[in-house]
Amino acid sequence: MKFLVLVVNRCLWFLPTVLGLMVITFTISHLIPADPIAAAAGENATAEQIAALRVKFGLDQPIYVQLYRYVLAVAQGDFGISLYTQRPIVFDIATRLPATLELTFVAVLIAATLGIPLGVLSATHRNSPLDHVLRVITVSGLAIAAFWLAILFQLLFAMKLGWTPLQGRVDGWGPDSVTGFFLIDAVLMGDLEILQDVAAHMILPAATLAFPAMATIVRFTRAGVLEAINSNYVMYEEAMGFPRRIIVWKYVLRNALIGTVTQIGLIFGILIANGVVVEAVFDWPGLGLYAVSSILQSDYNGIMAFAIIAGVIFIVVNLLVDITHGLIDPRESR
Amino acid sequence: MTLIRHRVTHTVNRLRSIGLAGLSGIAVGIALTVLPITEVEAKSKFVFANSSAYDNLDPHIVFDVGRVASRINLYDGLLRWEDNPPQLVNWLAESYSISADGKAYTFVLRKGAKFHDGSPIEASDVVYSMERTIALKKGASALFAGVVEPGTTKALDAQTVEFHLSQASAIFLATVPEIHVVNTDLVKKHEKDGDWGTAWLSSHEAGSGSYELKRYDPAIGFTAARFADHFMPWGKKYYDEIDFRTVVEINSRVLGLMKGDFQGTDGYLPQDQIIRLKAADDIAIYEEESMRIFYAAVHNGRAPMNDINFRKALSYSFDYDGFITNILSGSVARDPVPLPNNIWGAPKDVKGYTYDLEKAKEHLAMVKEPQRELVIGVLAGYNQSEQAAALLQNGLSKIGIKSKLLIEPWPVVSNKMRDEAQMYDLVFLWKSTYYADPNNWVGEMYNSSKIGSRNNSWYSNPEVDKLLDEALISTDMKVRAANYEKAATMVMEDAAGIFVYNTKWFGPFNKSVQGVRFCPIGNGQEVRWMYPKG
């Protein structure tokens, strides 16, 4: 019951949070002393052309009128027209969002798949050479800049060894888009060759994103396992003769994962932000590059759409984290 | 409670199954990558890595040099700029004539020219394209503002089109290549709510160009196939397919070129990357002097810059040689006037200003206005703008002028440059080629009639205006050239700006690419002349 109340509570906060996000983003983006209309109109545009464009995009109206119109439009799924591309923002976002989400999902999956077991090993082999090696790796993961790591990976794996593609999401144009997630689309097409190509292109950017995320997960899992392993119930289970492996991987890990799962939710949001750099280096046609381009062009509509969508994703992921907490920790469900 | 526990257990089991399936999928995917990748690549495909995103394909909306490839490869104009220095050649038009008063331009179209859908290109398509360009008020429309009024362009017959200018304009011919001809029927079919088909044409094409659009994704770029029926005869060799991709990161473009993923990339890379590419075995670097000048727009309307002696002090405080030789490794050509060195009408043997702090101090001593701290604008993300500003700041500090750098993105800079009160004291930036006529530079930048729009220096000199206005309507090339020479020299002598260099283009291409023809307007991206070696 407590769990259900928690979920309902989170859902009820969803709309006010998004509304607050919209107001803040709208205000900040309109406070910039830039004239996106003049920039969009081009270097040779006349004052009349700029004024006509300003009217067309409703930027001649008072800011509160613009905000009111914007909120109403977004409620109907209309993020407006991009000042720069001249296309509906929804179209621009829709072509890029799956690429970013796919990369982020895979990176989180890699980070969690490797990070959790390594965190457990680090804790169970505390202060051993294995623990020290993992500490060096994880500290490096947290300290190394994504930009530098990405270029290093490119130089080593793509240029020197020739094991992976250098950049891009796929050779050519990829599978016919059904979901926009190329791994899934390639499977749906039943085309192993494209699946192989898509997976090959995924390795370096996903590894670059996953490395610092994995480091965080290792550290949190290690701390959680160490805390749990010193609990009375573990001592009791050991006294009862439970095998150490069962105690650690079945009982200790379940208790230790609560903090890690919270971190994974936060990491997801961080990876979407870090994706900007990784997308630029690996020429990944995702939302991050679109956001940067929107910011540089002061494309209000593009900036606000990115902020709102990223915010919604972050809120949804954290809602899922809360639900997962309930599944892992029975006390949350009571 | 038991039911809830059962459901939770069931859900956990399902999540475990999904997780296992996901992990298996990733494992399979990674395992598959170990297998050799079969390369399926079409024959004679030219892949170009571009720094700018092809956000929009509409030739009447997009007008910047960075996205020129979509315009010159997918569309045609009546005339076209080719080579360097640029020559205006007949393209879709087989001939043209100009009336005695210089107001009527009549073009005769080539017979048999077709759009990509096979329909004939007719004079009415040129009329529609001109009207559309003017009506959209974007892209190249400013070039025709006040020159071609709506409804004045007429199709005399299927092959003949006549432009009636509201005033004689010597630069009209130079701007004709920017009237990209679109398929009227096709665009009209996709018009929505009187939008002139802009929504549709932003991601489709309706042209007749040497290549025909096959796929487009604004996040990736576009692919086009050779249009065999193009009116301009093809050579014996050519590329069957072109692929223009957006690769924003310089390092990725360079590595991709070295790896063979791309056959070409933009010619304005930093010099360290050019040196890196020159050392690569498979890369050829084509070097040409372009038409893109780098200068500081100085606010001539504000004290103390409204004093010619102060402006001269500024001009003598910049270390031109240090900037060009040391910072840019000699990769550009010194250009002391507001015209590219290589265009007709550029004054020859003009020395311009040098880095001479003694002369700067002499001129500064003659300034009556009190000194104050200067604000130097810098384009965010453009290293050269920042380096030049820092270098000038260093020179100014040596003659006792304080200054501060204000680094802001282009939308902010362009906004401030249009406002007399907000304009920086000076700002370093480039002026590119929109049409190859001296008016594109000195005429746009220093005619007082353009103050607040393209004259961002608030510079006004009646003598210069007279020369520029006369050059704008004269049909005598000798008169025009002489006027531009005088005007550019006078602007330089007035120290209306700090004129630094004219850009050089270092076009990096794979050695397998032959037939590269560079033109400052096309940026060496017109692929119809290129072909694979062998």
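This is a predicted model: local features need pLDDT of at least 70, side-chain atom pairs count only at pLDDT 80 or more; totals for chains, interfaces and linings use all residues.
The C-alpha trace of chain A spans about 85 × 55 × 40 Å along its principal axes. Of its 334 residues, 44% count as buried. Among the contacts in chain A that join residues at least 6 apart in sequence, 73% link residues at least 24 apart.

Chain B has another make-up, with 17 helices and 19 strands. Its C-alpha atoms fill a box of roughly 90 × 65 × 60 Å along the principal axes. Chain B holds 534 residues, and buried residues make up 50% of them. For contacts in chain B with a separation of 6 or more, 70% come from residues 24 or more positions apart.

Attention can now turn to the interior. In soluble globular proteins, nonpolar side chains tend to be buried together. The largest nonpolar core of this model has 231 residues, and those with the most contacts inside it include A:Ala107, A:Ala111, A:Ala206, B:Val427 and B:Val442. Helix H9 of chain A, residues 192-229, gives the most to this core, with 22 residues. Because domain 2 (79-196) and domain 3 (289-504) of chain B both give residues to the core, it lies between these two domains. A closer look at A:Ala111 shows some of the packing: leaving out residues up to four places away in sequence, A:Ala111 touches A:Ala210, A:Ala213, A:Met214, A:Ile217 and A:Ile267.

Two helix pairs of chain A illustrate how its helices meet. The axes of helix H1 (residues 2-31) and H4(A) come within 11 Å and cross at roughly 135 degrees. H1(A) and H4(A) are therefore oblique to each other, and the crossing is right-handed. On the H1(A) side the meeting residues are A:Met22, A:Val23, A:Phe26 and A:His30, while H4(A) brings A:Ile63, A:Leu67, A:Tyr70, A:Val71 and A:Val74. An α-helix has 3.6 residues a turn, so residues three or four places apart point the same way.

The second pair is made of helix H11 (residues 244-281) and helix H12 (residues 287-296) of chain A, whose axes lie 7 Å apart at an angle of about 100 degrees. That angle makes H11(A) roughly perpendicular to H12(A). Here A:Gly275, A:Val276, A:Glu279 and A:Ala280 of H11(A) make the contact with A:Gly288, A:Leu289, A:Ala291 and A:Val292 of H12(A).

Helix H10 of chain A, residues 232-239, is hardly covered, as the count of buried residues among its eight residues is zero. H10(A) is followed by A:Gly241, which has a positive phi near 90 degrees. A:Asp60 sits in the loop between helix H3 (47-56) and helix H4 (63-75) of chain A. With 13 C-beta neighbours inside 10 Å, A:Asp60 counts as partly exposed. Apart from its neighbours within four places in sequence, A:Asp60 is in contact with A:Arg54 and A:Val55.

Finally, the backbone of chain B has several points of interest. Most residues other than glycine have a negative phi, and most peptide bonds are trans. The peptide bond from B:Asn84 to B:Pro85 is cis, with omega near 0 degrees, and B:Pro85 lies in the loop between strand E2 (79-82) and strand E3 (87-90). Another cis bond runs from B:Ala303 to B:Pro304, with omega near 0 degrees. The loop holding B:Pro304 is the one between strand E12 (283-298) and helix H10 (308-316) of chain B.

Two tryptophans of chain B have positive phi values. For B:Trp196, phi is near 60 degrees, and the residue is in the loop between helix H6 (184-189) and helix H7 (198-201). B:Trp196 is buried, because 22 other C-beta atoms lie within 10 Å. For B:Trp458, phi is about 50 degrees, and its loop runs between helix H15 (442-446) and helix H16 (462-473) of chain B. With 19 C-beta neighbours inside 10 Å, B:Trp458 counts as partly exposed.

Key
Residues are numbered from 1 along each chain as its sequence is written. Chains are lettered from A and ligands numbered from 1 in the order in which they are written. Helices (H or I, at least four residues) and strands (E, at least two) are DSSP runs, numbered from the N terminus. A residue is buried if 20 or more other C-beta atoms lie within 10 Å of its own, exposed if 12 or fewer, and partly exposed in between; C-beta atoms are placed from the backbone. Two residues are in contact if their C-beta atoms, placed from the backbone, lie within 7 Å. A nonpolar core is a set of buried Ala, Val, Leu, Ile, Met, Phe, Trp, Tyr and Cys residues joined through C-beta atoms within 7 Å. Domain bounds come from an automatic or database domain assignment. Axes are lines fitted to C-alpha atoms, for helices over the stretch in contact, and angles run from 0 to 180 degrees between N-to-C directions. Angles under 35 degrees count as roughly parallel, over 145 as roughly antiparallel, 65 to 115 as roughly perpendicular and the rest as oblique. A crossing is left-handed if the near helix is turned anticlockwise from the far one by less than a right angle, and right-handed if clockwise.
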